[in-house]
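Subject: Structure handover

Hello,

Here is the structure you were waiting for.

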Amino acid sequence: MRKLCPNFDREDGLDTVLEIPIPEEMFTSHKSTSLSWQNVKSWMKPNPERLAPSVFGGRNTEIQLLLGVAGAPLIPLPVPSDHHPINQSIKDHPIEASMAKYIVQQYIAAAGGETALNSIDSMYAMGKVRMVASEFTAGEVCKNSKAMKVKGVRHGGGEMGGFVLWQKRPDFWCLELVVSGCKISAGSDGIVAWRQTPWHHSHASRGPPRPLRRTLQGLDPRTTGNLFSNSVCIGEKTINEEDCFILKLETEASTLRERSSKNVEIMRHTVWGYFSQRTGLLVQLSDSHLLRIKSPASDGVFWETTMESLIQDYRTVDGLNIAHAGTTSVSLFRFGENSDSHSRTRMEESWTIEEVDFNIKGLSLDCFLPPADLKKADDQEGCHVVVEGRNAKLPFKISAPASSKVSAAKVVAIDLDDSYSMDDVDDDDDDL
C-alpha cells in the first residue's frame with residue numbers, strides 16, 4: 001500500500017500523505033512512475049464517459065451499489081462492551097446455550113486470552129479490498145436459474161480500493177473506504193452510528209449504535225465473544241475443510257421494532273458464527289436480514305440480504321490472533337408481488353489487512369465525531385431501500401440488462417443495513 005503521493009509539479013516539493021493508502025496494484029500496469037501516478041489519478045477521479053458498462057448499466061452505479069451494501073454494514077444488535085468477565089458460568093442454562101458459552105470461552109482463549117483482550121483500549125487497521133457485482137438475475141430469468149455473470153474477485157475482476165479503520169472502546173469507531181474514486185465514511189460516537197457517501201447526505205441509523213461488521217471479521221475478538229455470549233449452539237458443519245461448531249444468534253423482536261419504521265418493517269436479522277473445533281477461532285461469519293416494504297395495495301415487497309464472510313490468515317499481533325485476509329459474498333433477493341418482479345444480485349469482496357496495531361496513543365474521542373451535516377434518526381423513515389418507480393426520487397438508478405425481463409419500475413436495494421433515509425422517496429405510499 002502506498003501512503004505518499006509524490007509532487008510531480010515541483011521537484012523540491014514535499015510528498016503528500018494520503019488519507020487512505022492506495023493499493024500497490026494500481027502501480028503495476030505501467031512501468032513508468034509518472035504513468036503509474038496518472039493511472040492513480042484516473043482511479044481517484046473516475047470519468048463516467050470512459051467507464052465501461054456493467055451488468056447494472058454503468059460502472060459508477062455498480063460502485064455505489066457495492067459501497068452501499070458491502071462497504072460498511074452493521075451488526076444487527078448492540079454488543080455489550082463492559083469489562084465484566086467473559087467466562088460466564090455455563091450452569092443453569094439450556095444445553096444449547098451452555099455449549100455456546102463453552103465454545104465462546106474456547107474462542108476467547110484461542111484469540112489470546114481474556115487478560116490480553118481486556119488490555120486493548122483502541123485499534124487501528126489498514127488494508128485493501130477488491131469488490132465486484134458478480135451476478136444479476138431478474139424476472140423469469142431468476143426462476144430459470146440463468147444469470148448475467150462477470151469475472152469474480154478470485155479471478156482478478158472487480159474494483160480495487162483501500163480502507164482505514166479506527167476503533168476505541170466502548171462504542172467508538174470510524175471507517176474510511178475508497179473504491180475507484182468513490183469514498184464512503186461511517187462511524188459511531190457511542191450515541192449514534194452514521195454514514196456519509198458522495199451521492200447522499202450524512203445520515204444516522206435507527207436505534208442504538210451498533211458495531212461495524214468488518215471488526216467482527218477477525219479484527220476484534222472481544223466484541224465477537226461478547227456478541228455470541230448469548231447465542232445457542234445448533235450443530236456442526238465443515239467450512240473450508242475445517243470442522244466447525246455453529247452458533248446462532250437471533251435479534252430480539254424489540255430491537256427489530258426499534259429499527260423499523262412506518263414504511264419499512266425489519267422482520268428478522270440472524271447471525272451465525274462458525275468456530276473451528278481444532279483451533280477454536282472464528283472461521284466464518286454469516287448473517288441474514290429480511291425486511292418488508294409496506295404497501296396498501298399488496299402484502300408489500302420483501303428484501304432478503306445474506307452475507308457470508310470466510311475469515312482466514314490468522315497472525316499473532318501483540319499476543320492476539322488477528323485475521324489478515326478473507327472473502328465476503330453477498331446475495332440480495334427481492335420477492336413479493338409477481339414473479340416478474342423477482343430479482344437476485346450477487347456481490348463479492350476480498351480483503352487483506354496490511355497493518356494492524358493496538359492501544360493507539362493520542363487517539364481521542366474527537367476523532368469519532370459525526371459529520372456536521374448529520375441527519376438525525378428522528379428525521380428518517382427507516383431502511384436504506386430505494387424504490388424505483390415512476391414518481392420515486394433516487395440517488396441513482398440501476399438499469400436492468402436488455403436481456404432480462406425487468407422494467408424500469410422495479411425495486412432497487414441499497415444499504416440494506418437500515419441506515420438509509422427514506423426522505424428521498426415520496427411520502428405517497430403509491431411509490432412503494
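Predicted model: local features only at pLDDT ≥ 70, side-chain atom pairs only at ≥ 80, totals over all residues.

Salt bridges

The side chains of Asp121 and Lys168 meet with an N to O distance of 2.8 Å. This pair links distant parts of the chain, 47 residues apart: Asp121 sits in the loop between α4 (114-118) and β3 (122-138), and Lys168 belongs to strand β5 (residues 159-168). Asp121 is partly exposed at a relative accessible area of 36%, whereas Lys168, at 16%, is buried, because buried means under 20%.

A second salt bridge joins the side chains of Glu242 and Arg278, at 2.9 Å from N to O. Here too the partners come from distant parts of the chain, 36 residues apart, with Glu242 in strand β11 and Arg278 in the loop between β12 (264-276) and β13 (282-293). Glu242 is buried, at 13% relative accessibility, while Arg278 is exposed, at 65%.

Lys248 is partly exposed at 26% relative accessibility, and Glu250 is partly exposed at 42%.

More on Glu242

Strand β11 spans residues 242-250 and includes Glu242. Besides the salt bridge to Arg278, the Glu242 side chain makes a polar contact of 2.7 Å with the side chain of Ser276. Leaving aside residues up to four places away in sequence, Glu242 touches Lys237, Ser276, Arg278, Thr279 and Val283.

Two other buried residues

Ser188 is part of strand β7 (residues 182-189) and is buried, with a relative accessible area of 1%. A polar atom of the Ser188 side chain lies 2.9 Å from the backbone oxygen of Asp171. Asp171 is also one of the residues that Ser188 touches when those up to four places away in sequence are not counted; the others are Phe172, Trp173, Ala193, Trp194, Pro209 and Phe368.

Lys101 lies in helix α3, which covers residues 95-111. Lys101 counts as buried, at 7% relative accessibility. The C-alpha atom of Lys101 is 9.6 Å from that of Leu247, although 146 residues separate the two along the chain.

Best regards

Terms used. Residues numbered from 1 in each chain as written. Heavy atoms only, no water. Helix = DSSP H or I, 4+ residues; strand = E, 2+ residues; numbered from the N terminus. Polar contact = N/O pair within 3.5 Å; in protein donor to acceptor, adjacent residues only side chain to side chain. Contact = heavy atoms within 4.5 Å. Buried < 20%, exposed > 50% of the residue type's maximum accessible area, 1.4 Å probe, protein only. Salt bridge = Lys/Arg side-chain N within 4 Å of Asp/Glu carboxyl O.
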